Amino acid sequence: MEKVMFIEIGMGIDMHGQNVTKAAVRAVQNAIHHNSMPGLRSILPGNDIHNMKVNVRLAVPADKDKLDLETVRKALPYGEVSFDIVDGGMLTSSGVVIAEKEDKNDLAYIVIASVEVGY
């Protein structure tokens, strides 16, 4: 990315089911769903929103091999998206195992996302 315009931070949790992808999608949505960038188009090459570059850094506590990046990518409406997956986030107890929610144990998965936007 030549120019980083802004960085958004979000957190996502899968309380039951131990689904790292679900937690990652929620982290990305949390990062981007509180913003409006009306002037962004005017500074992008060709004034085209599709020329935006988006780098998503995900701090993942477990199951990196189960992380479905294509599903996470769908949470981002525009731009050329790249990913950087790092150790981090958190595993903590949800306090209960609920079989109907596909719990394998009582762990809640917490993923942190840093979404860099620029061109």
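Good morning. I begin with Gln-18, a residue that is buried, with a relative accessible area of 5%. In this predicted model, Gln-18 sits in the loop between S1 and H1. Its phi is near 55 degrees, which is a positive value in a residue other than glycine.

A second residue may be set beside it. Glu-102 belongs to the loop between S4 and S5, and it also has a positive phi, of about 65 degrees, although it is not a glycine. Is Glu-102 buried or exposed? Its relative accessibility is 63%, so Glu-102 counts as exposed.

Let me turn to the strands. Strand S5 covers residues 107–118, and ten of its twelve residues are buried. Which strands pair with S5? Strand S1, residues 4–14, runs antiparallel to S5 and is joined to it by ten bridges. Within that pairing, Gly-12 stands opposite Val-111. Strand S2, residues 53–60, is also antiparallel to S5, with seven bridges between them. There, Asn-55 has Glu-116 as its bridge partner. Strand S4, residues 90–93, pairs with S5 over four bridges, again in the antiparallel sense, and Met-90 is found opposite Ile-110.

Glu-116 has a relative accessible area of 16%, and because the limit for a buried residue is under 20%, Glu-116 is counted as buried. Leaving out residues up to four places away in sequence, Glu-116 touches Met-1, Val-4, Phe-6, Ile-7, Lys-53, Val-54, Asn-55 and Arg-57.

The other is Val-111. Apart from its neighbours within four places in sequence, Val-111 is in contact with a list of residues that includes Gly-10, Met-11 and Gly-12. The list also includes Val-20, Ala-23, Ala-24 and Ala-27, as well as Leu-58, Ala-59, Val-60 and Pro-61.

How accessible is Ala-23? Its relative accessibility is 0%, so Ala-23 counts as buried. Besides Val-111, Ala-23 touches Gly-12, Ile-13, Asp-14 and Tyr-109, when residues up to four places away in sequence are not counted. The C-alpha atoms of Ala-23 and Gly-89 are separated by 10 Å, although the two residues are 66 residues apart along the chain.

This brings me to the interior. In soluble globular proteins, nonpolar side chains tend to be buried together. Here the largest nonpolar core has 29 residues, and those touching the most other members are Val-28, Val-56, Leu-58, Val-72, Leu-76, Val-111 and Val-115. Helix H1 (20–32), S2, strand S3 (80–87) and S5 each supply at least two residues of this core. Which of these elements gives the largest share? That element is H1, with eight residues.

Finally, I come to the empty space. Rolling a probe the size of a water molecule over the atoms shows where empty space is left. The largest pocket holds about 220 Å³ of space. It is lined by 14 residues, and the closest to its centre are Ile-32, Met-37, Met-52, Pro-77 and Tyr-78. By class, the lining of this pocket has ten nonpolar, two polar and two charged residues.

Thank you for your attention.

Definitions and conventions:
Residues are numbered from 1 along each chain as its sequence is written. This is a predicted model: local features need pLDDT of at least 70, side-chain atom pairs count only at pLDDT 80 or more; totals for chains, interfaces and linings use all residues. Side-chain values use heavy atoms; hydrogens and water are left out. Buried means under 20% relative accessible area, exposed over 50%, partly exposed in between (1.4 Å probe, protein chains only). Two strands pair if DSSP finds at least two bridges between them. A nonpolar core is a set of buried Ala, Val, Leu, Ile, Met, Phe, Trp, Tyr and Cys residues joined through side-chain atoms within 4.5 Å. Contact means heavy atoms within 4.5 Å. On a 1 Å grid over the protein atoms alone, a cavity is a set of points where a 1.4 Å probe fits but cannot get out, and a pocket is an open set with protein on both sides within 12 Å along at least five of seven lines; lining residues have an atom within 4 Å of a point. Grid points are joined across faces, edges and corners, and a volume is the space filled by probe spheres set on the points. Ala, Val, Leu, Ile, Met, Phe, Trp, Tyr, Cys and Pro count as nonpolar, Asp, Glu, Lys and Arg as charged, and the others, Gly among them, as polar.
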